[in-house]
Amino acid sequence: MPLHLKLHTQPEVPLEADCICPDKIQSLKGSEISSMIVFHGNRQVKLGEFFDCKGEFDGEIIIDGDLNNVKHVGASMTFGKIIIEGNIGLHTGAAMQGGEIIIEGNAADWLAAEMQGGKITVKGNAGHMTGSGYRGSTVGMQGGEIFIHGNVKNETGHVMRRGLIVVGGDSGDFTGVNMIAGTIIVLGNMGIRTGAGMRRGSIICFNEAEILPTFTRNCVYKPSFIKFYINYLEKNGFSIDSSYTNGTFERWSGDSIELNRGEVLLSQYKNK
Amino acid sequence: MKIKSTEIDDTFAEAFKMFGSRIIITAETKEWAIAAAQSVTGFATSVIGCKCEAGIETEILPENSPDQRHGVSVLFFAMDSESLGKRLVERIGQSVMTCPSTSCFNGIDDGNEVGVGGQLRYFGDGHQISKKILNKRLWRIPVMDGEFLVDDIFRVKEAVGGGNILIMAKDQNTALKAAKSAVKAMREVQNIILPFPNGVVRSGSKVGSKYKALIASTNDAYCPTLSSVVEKTEIGEGVNCVLEIVIDGLGLEDVEQAMRVGAEAAIKPGVKKISAGNYGGGLGQYKIHLHKLLAKGEK
């Protein structure tokens with residue numbers, strides 16, 4: 001039976017609950033879990049003041065309630081599974097190294113910031129800075145996979161170095177800004193200034209996009225590796241028109257203000 | 001033992017432990033996939049002179065291929081794992097990467113890892129890109145028609161080489177027809193290849209030679225033209241042509257199965273005897289007895 005945490009009191013200010021993490025809970029029993037310290041604003045309180053704890057940790061934690069004001073859930077986790085039944089607040093899965101987080105609702109900003117491994121699935125939308133580096137960091141996401149079935153806001157994959165981010169809907173502006181390497185796939189539309197300052201890495205979009213003037217068009221071709229991604233995305237619950245599988249993509253290289261080794265691939269298949 | 005008018009020799013094929021690997025070649029059309037497969041398996045009949053043995057195992061339909069394109073699976077065999085790894089790098093680099101529209105993937109799950117894409121990537125001169133999907137790294141090497149996509153790691157595993165049957169017939173036409181039938185039947189078996197031209201070899205060899213520089217020479221005991229010249233001949237009454245089919249497989253059972261269906265298919269009027277080649281049993285790790293094999297088939 002998994003550990004079930006149910007929010008009974010809505011925090012008035014953000015609740016920093018980085019203790020909701022398999023690594024920190026694995027050796028604790030029910031009462032000890034309730035006694036774990038969280039920050040309610042700048043005040044230290046017990047987790048039990050906000051959450052009812054039921055069940056025992058068997059590798060899985062289920063969290064229920066309106067969690068928009070609960071931050072840092074699953075931060076730095078290395079194993080196990082967290083299922084969030086609704087929306088979740090800032091920094092979820094930040095610096096995560098392994099395991100899995102499933103968010104049935106929406107995720108706020110800084111989802112999986114500086115993630116290093118593991119997998120995060122968001123059934124709804126995600127906020128700004130998904131899979132990004134924190135301000136001042138030279139490296140963002142360094143591994144793992146983020147699947148967002150809805151939309152994301154700005155600066156997804158900022159200074160990303162490795163890993164995979166998939167957006168089922170639209171992404172905001174500056175997708176893959178300053179990207180170092182890795183892969184971002186957007187099935188919907190992208191905002192402006194995609195890949196600004198990117199060195200390496202791939203941004204793949206299944207729609208047309210506005211390309212920065214510091215990118216140069218290379219060719220239209222069939223990148224067969226995309227089929228592997230499409231298969232993988234379908235296994236992860238994304239629905240993709242089969243015509244994309246054998247379709248052509250327009251390749252743009254950039255950003256020429258940096259190494260110019262990055263690529264933006266835009267599907268040429270039009271069934272919109 | 002006699003089946004119809006064909007005698008089954010009471011002997012065994014002496015097979016050896018080898019290392020094998022399977023690669024999957026895909027391309028935009030079936031023709032290009034086959035072209036690459038034919039090229040990559042060229043000059044790979046025997047480890048004696050070619051450093052490896054290779055052949056086309058089967059064609060793969062798009063729905064079953066790694067990238068949903070037409071595919072061909074190819075098996076490679078060599079005497080050790082390291083050597084096989086080198087052959088894969090050489091041959092995939094020269095024959096698959098060069099062939100328009102192709103991609104190349106590892107086709108077995110177990111065994112030792114050998115870096116293939118990881119070596120070939122340097123052809124990209126710094127423009128190569130790697131992608132890791134489902135814990136598998138792929139290399140995208142820019143080429144003039146787009147990109148050559150190749151697995152970073154291929155696998156090689158212990159396998160069996162040198163399974164064989166000898167078809168001893170009244171004349172060349174009969175032997176060729178019998179061999180053709182045998183090859184057709186054997187090619188239905190999975191996990192095996194027949195590395196010689198059209199699956200058949202006429203220049204069977206024995207170990208050693210009167211010339212010191214040669215490690216192998218013609219199997220004079222099976223040469224009809226020498227039947228009255230050599231000390232020991234295997235050419236019986238009415239035999240004027242002998243053809244051999246050599247089988248390499250990923251497993252002993254696969255080789256046995258191929259030998260069995262091949263021998264059965266080769267039994268025809270005019271085929272005097274089905275035999276098998278061995279070196280007295282002292283060299284190979286596996287002895288595949290014809291009588292036992294064909295008795296299994298009868299059951």
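Q: Leaving aside neighbours within four places in sequence, which residues is Gly74(A) in contact with?
A: A contact means that the C-beta atoms of two residues, placed from the backbone, lie within 7 Å. By that rule Gly74(A) touches Ile20(A), Cys21(A), Ile82(A), Thr92(A), Gly93(A), Met96(A) and Ile101(A). This is a predicted model, in which local features need pLDDT of at least 70, side-chain atom pairs count only at pLDDT 80 or more, and totals for chains, interfaces and linings use all residues. Residues are numbered from 1 along each chain as its sequence is written, and chains are lettered from A and ligands numbered from 1 in the order in which they are written.

Q: Does Gly74(A) count as buried or exposed, and why?
A: A residue is buried if 20 or more other C-beta atoms lie within 10 Å of its own, exposed if 12 or fewer, and partly exposed in between, with C-beta atoms placed from the backbone. Gly74(A) counts as buried because it has 31 C-beta neighbours inside 10 Å. Gly74(A) sits in the loop between S7 and strand S8 (81-84) of chain A. Its C-alpha atom is 9.0 Å from that of Asp23(A), 51 residues away along the chain.

Q: Why is strand S11 of chain A called largely enclosed?
A: Six of the seven residues of S11(A) (residues 142-148) are buried, so the rest of the structure largely encloses this strand. S11(A) pairs in the parallel sense with strand S10 (residues 119-122) of chain A over four bridges, where Ile120(A) faces Ile146(A). S11(A) also pairs with strand S12 (residues 162-167) of chain A, again in the parallel sense, over five bridges. There Phe147(A) stands opposite Val166(A).

Q: How many residues does each chain bring to the contact between chains A and B?
A: Chain A and chain B contribute eleven residues each. On the chain A side, helix H3 (residues 225-235) gives the most, with five residues. For composition, Ala, Val, Leu, Ile, Met, Phe, Trp, Tyr, Cys and Pro count as nonpolar, Asp, Glu, Lys and Arg as charged, and the others, Gly among them, as polar. The chain A side has six nonpolar, three polar and two charged residues.

Q: What do the buried residues of H3(A) pack against?
A: Those residues are Phe225(A), Ile226(A), Lys227(A), Tyr229(A) and Ile230(A). In chain A they pack against strands S13 (183-186), S14 (202-205) and S16 (249-254), and in chain B against strands S8 (129-133), S9 (136-143) and S10 (146-151). After H3(A) comes Gly237(A), with a positive phi near 90°.

Q: How is chain B divided?
A: Domain bounds come from an automatic or database domain assignment. Chain B has domain 1 (2-15 + 160-298) and domain 2 (18-157), with C-alpha centres 30 Å apart. Ten residues of domain 1 are in contact with 13 of domain 2. The domain 1 side of that contact has eight nonpolar, one polar and one charged residues.

Q: Which residues have the most contacts inside the largest nonpolar core?
A: Nonpolar side chains in soluble globular proteins tend to be buried together. A nonpolar core is a set of buried Ala, Val, Leu, Ile, Met, Phe, Trp, Tyr and Cys residues joined through C-beta atoms within 7 Å. The largest has 163 residues, and those with the most contacts inside it are Ile25(B), Ile92(B), Ile165(B), Ile167(B), Ala266(B) and Ile274(B). Each domain of chain B supplies at least three residues to this core.

Terms used: Helices (H or I, at least four residues) and strands (E, at least two) are DSSP runs, numbered from the N terminus. Two strands pair if DSSP finds at least two bridges between them.
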